[in-house]
Number of protein chains: 2
Amino acid sequence: MTTTPQNIDLLIDSRWIAAVDPDIVLNNHAVAIDNGRILAVLPTGEARARFNPDKQVSLADHILIPGLINLHTHAAMSLMRGLADDLPLMDWLQNHIWPAEAAHMSAQFVYDGTRLACAEMLKGGITCFNDMYFFPEAAAAAASEYGMRAMLGITALEFPTPYASDADDYLNKGLTVREKWLHNPQIGFCLAPHAPYTVSDATFERILTLSEQLNLPVHCHIHETRHEIDESLRRYKCRPLDRLRELGQLGPNFIGVHAVQINEHELKLLAETGSNVAHCPSSNLKLASGFAPVAQMRQLGINVGLGTDSAASNNRLDLFGEMRLASLLAKGLTGDASALPAHEILRMATLNAANALGLGQEIGSITPGKSADLCAVDLGSMEMRPCFDPVSHLINVAGRECVSHVWVAGKCCVDHKTLPGIDQNHLESAVALWQNSLEVRRQACI
Amino acid sequence: MTTTPQNIDLLIDSRWIAAVDPDIVLNNHAVAIDNGRILAVLPTGEARARFNPDKQVSLADHILIPGLINLHTHAAMSLMRGLADDLPLMDWLQNHIWPAEAAHMSAQFVYDGTRLACAEMLKGGITCFNDMYFFPEAAAAAASEYGMRAMLGITALEFPTPYASDADDYLNKGLTVREKWLHNPQIGFCLAPHAPYTVSDATFERILTLSEQLNLPVHCHIHETRHEIDESLRRYKCRPLDRLRELGQLGPNFIGVHAVQINEHELKLLAETGSNVAHCPSSNLKLASGFAPVAQMRQLGINVGLGTDSAASNNRLDLFGEMRLASLLAKGLTGDASALPAHEILRMATLNAANALGLGQEIGSITPGKSADLCAVDLGSMEMRPCFDPVSHLINVAGRECVSHVWVAGKCCVDHKTLPGIDQNHLESAVALWQNSLEVRRQACI
């Protein structure tokens with residue numbers, strides 16, 4: 001007895017598939033996709049008999065993984081990539097980044113910078129980013145134009161920038177933008193108090209209310225530097241995480257970024273409250289902030305995702321680099337070569353991040369019912385050979401340059417390493433203009 | 001008055017040139033090359049008037065740097081890339097790598113594995129590697145076929161392998177191979193006692209004599225793990241470096257690999273004797289050996305180069321990755337974001353390594369009179385933009401995938417990211433056969 005094949009939009013078959021949930025690697029399987037969602041994951045032969053796809057993609061030497069999720073970035077800062085290097089956080093922020101932002105930041109800056117970041121992230125297999133910056137309407141327009149999924153920050157801090165005058169102004173503007181994008185399933189929002197050292201108790205209280213009313217995650221830098229801890233002790237007579245606990249901020253909605261300068265008590269606090277951590281190892285080292293104790297966090301059951309931070313402090317928006325570095329650092333710091341094995345690292349860059357953003361039912365794994373946010377990594381080049389374990393290769397051998405295809409909600413955003421439908425010259429021209437104006441100011445500073 | 005242009009083999013003009021010695025970045029300059037050597041470095045316009053090149057290459061968006069030098073690898077082990085991961089050094093060596101070598105190692109294995117390594121290294125901008133393995137005649141044939149420069153190990157250890165029966169047998173075989181290759185200016189040799197824990201005092205003594213007679217560098221693993229230190233204390237009643245000093249091994253001819261488990265006294269010993277260090281950060285972390293105190297070494301004036309170690313413990317032969325990681329780790333470990341700035345990292349991967357190998361007059365910088373060992377890195381892709389400082393971008397943004405051209409002694413070994421004259425299918429088939437036999441054994445072990 002034969003049944004009529006079912007019409008579907010897209011069938012992708014792949015040499016390997018790392019589903020993440022469940023944590024298995026499938027050989028010669030296919031993903032059936034319809035209306036932007038994963039319909040089934042099944043052996044390729046069976047899939048070809050059962051489905052009649054509009055389009056079919058065959059990935060002979062590839063591993064198909066869930067689209068990577070960048071749990072912390074400031075996308076538009078890509079325009080300041082490498083503007084000031086080899087400097088500690090506070091010098092870097094106060095004498096280079098903040099003055100450059102004061103002089104240049106605008107909706108156009110954010111639109112162009114976020115487009116540049118989206119181009120880089122998509123080509124590197126990232127399908128979703130959690131952003132903290134200004135002019136979120138411009139970031140939303142850029143992400144939407146490039147077909148990316150984004151969680152944008154409704155950023156808050158107490159001092160004025162070209163975007164807003166005070167914390168209430170930041171929040172009100174961000175909430176207005178959120179209203180406008182409510183209809184778009186790929187654009188979501190987090191409340192984003194910048195950091196304990198730039199946000200007042202009153203603002204944190206308003207953010208807590210908003211988070212509960214609107215069910216929004218809270219995205220906040222925490223315990224990045226020793227300086228931040230010392231400042232908090234001086235001003236608030238307690239360390240930042242104790243203050244945030246007092247203010248009721250910690251919990252499953254809370255994403256603490258960095259968590260480098262952190263003690264045992266604070267790790268337990270994060271674990272007990274079900275708070276999430278965004279680990280940004282390159283940025284932490286480049287700014288000499290230190291080493292986050294990630295293996296210990298995972299042992300305590302803290303949900304940890306990975307972030308690139310901005311291209312001004314990294315200087316790549318490259319989760320392959322962060323996966324490899326997180327894996328190496330965990331082994332070096334614990335003295336245990338089995339710490340954070342490859343499968344767990346992949347989960348951090350996908351499902352853990354999805355869970356932190358409250359999107360665990362929607363993205364983060366290749367599971368029927370979820371959105372088809374997928375990334376194909378070519379393991380066929382000479383540099384990848386031989387291959388005994390494709391997930392080990394993904395973390396230890398592959399780089400973002402191996403990403404060949406990316407889909408977001410079933411739509412192809414990277415096709416054979418290029419961005420279909422994107423006018424690259426237009427983007428290059430915009431970036432060149434910003435480089436010129438930033439360079440003029442930079443030369444005047446040196 | 002006009003003069004007749006001088007006929008030369010090759011003129012390469014480039015948007016930027018990082019000469020390394022002197023430590024300057026030139027804009028829109030050209031390198032004139034004749035008979036495999038650098039004749040002049042001068043402004044492009046001037047070069048076009050002065051020279052009449054057989055061949056001309058224009059690199060509009062590139063930085064031209066000296067070919068990178070991999071100061072420590074076991075090239076042929078590329079065939080065991082990712083064979084066993086997430087394991088500590090001794091378990092990894094004793095239960096996985098050494099048994100696999102005992103079962104498979106042969107001249108053919110070394111020839112095929114070294115070809116694979118050369119393909120990977122060349123495409124990643126590496127023009128010279130310092131190797132420690134077996135069957136050096138097979139490695140020499142492979143390196144020579146691919147046009148690479150190599151310093152091959154006259155390896156010594158006390159236990160038998162498929163290559164040799166005891167230390168004297170290893171040394172005698174290696175010395176015979178050296179005699180055969182004396183005529184080849186691109187193939188040199190180091191004496192390579194494997195490590196203090198695998199080599200006896202008597203063998204170290206013979207090596208010292210040979211090193212002095214033949215003026216050969218000595219290439220040896222040192223202070224990689226705590227286990228190695230403990231073993232030495234038990235067997236020799238002293239730590240390995242104290243033993244090596246007693247044996248007269250330390251000095252400007254000595255290249256100590258890893259130097260992770262090292263104290264202040266030992267750092268001073270390396271500095272006072274003018275010994276060199278090969279820093280292999282990825283391997284040290286992946287095997288959970290620890291963090292080498294490189295910033296401290298540099299402050300003491302120790303000459304430090306960079307190595308990938310083997311693809312079995314890295315799992316990439318990628319000096320761009322090692323440069324970036326060495327830079328990040330130095331900042332994180334010292335808490336000083338200005339530690340090991342980009343220019344110094346580039347010097348470690350080029351001139352410092354050349355000096356360690358006794359080749360400082362021949363390679364390691366873009367200096368008239370030296371061999372034309374060069375690497376062109378394309379900074380023009382969207383992921384590299386904007387670019388305010390090309391040397392910062394080289395370390396912090398670029399990856400090996402940006403390497404477009406490589407020359408060794410003026411001969412083009414990578415042309416637009418491909419290896420001219422190399423039969424890639426032939427290499428792929430050989431690697432696939434080895435993968436099959438290794439896989440059969442691996443499955444039997446699991």
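**Entry 1: helix H4 of chain B**

I began at the end of H4(B), where B:Gly147 follows the helix with a positive phi, near 80°; helices here are DSSP runs of H or I of at least four residues, strands are runs of E of at least two, and both are numbered from the N terminus. Before going on I noted that this is a predicted model, in which local features need pLDDT of at least 70 and side-chain atom pairs count only at pLDDT 80 or more, while totals for chains, interfaces and linings use all residues. I also noted that residues are numbered from 1 along each chain as its sequence is written, and that chains are lettered from A and ligands numbered from 1 in the order in which they are written.

Going back along H4(B), which spans residues 136-146, I found B:Pro136, B:Ala138, B:Ala139, B:Ala140, B:Ala142, B:Ala143 and B:Tyr146 buried. A residue is buried if 20 or more other C-beta atoms, placed from the backbone, lie within 10 Å of its own, exposed if 12 or fewer do, and partly exposed in between. The elements of chain B against which these buried residues pack include helix H3 (107-123), strand E7 (149-156) and helix H5 (167-180); contact is taken as C-beta atoms, placed from the backbone, within 7 Å.

**Entry 2: strand E13 of chain B**

How many of the five residues of strand E13 of chain B are buried? I counted five of the five (residues 374-378), so the strand is largely enclosed by the rest of the structure. In a regular strand the side chains alternate between the two faces of the sheet. In E13(B) both faces are covered, with B:Leu374, B:Ala376 and B:Asp378 buried on one side and B:Cys375 and B:Val377 buried on the other.

I then looked up the pairing, which requires at least two DSSP bridges between two strands. E13(B) pairs in the antiparallel sense with strand E4 (residues 51-66) of chain B over five bridges, and B:Val377 is the bridge partner of B:Ile63. E13(B) also pairs in the antiparallel sense with strand E14 (residues 403-408) of chain B, over four bridges, where B:Ala376 has B:His405 as its bridge partner.

**Entry 3: backbone exceptions**

Most residues other than glycine have a negative phi, and most peptide bonds are trans, and I listed some exceptions. A:Asp309 has a positive phi near 60°; it lies in the loop between E12 and H12 of chain A and counts as buried with 28 C-beta neighbours inside 10 Å. The loop between strand E12 (303-306) and H12 of chain A also holds A:Asn315, and the peptide bond from A:Asn314 to A:Asn315 is cis, with omega near 10°.

**Entry 4: domains and cores of chain A**

The domain assignment of chain A, whose bounds come from an automatic or database assignment, gives domain 1 (6-66 + 373-414) and domain 2 (68-356). Their centres, taken over C-alpha atoms, are 29 Å apart, and the contact takes 24 residues from each of the two domains. On the domain 1 side, H14(A) gives the largest share, five residues.

I looked next at the largest nonpolar core, which has 160 residues, with A:Leu122 and A:Ala139 having the most contacts inside it. Such a core is a set of buried Ala, Val, Leu, Ile, Met, Phe, Trp, Tyr and Cys residues joined through C-beta atoms within 7 Å. This core draws at least three residues from each of domain 1 and domain 2 of chain A. Leaving aside neighbours within four places in sequence, A:Ala139 is in contact with residues including A:Ala75, A:Val110 and A:Leu152.

**Entry 5: the two chains together**

How are the chains related? Chain A can be laid on chain B with an RMSD of 0.0 Å by a turn of 180° and a shift of 0.0 Å along the axis, with copies superposed by least squares on the C-alpha atoms of residues with pLDDT of at least 70 in both. That is the relation of a two-fold axis. Of the residues of chain A, A:Glu401 comes closest to this axis, at 3.3 Å (C-alpha).

I found 52 residues of chain A in contact with 52 residues of chain B. H15(A) gives the most to the side of chain A that touches chain B, with seven residues.
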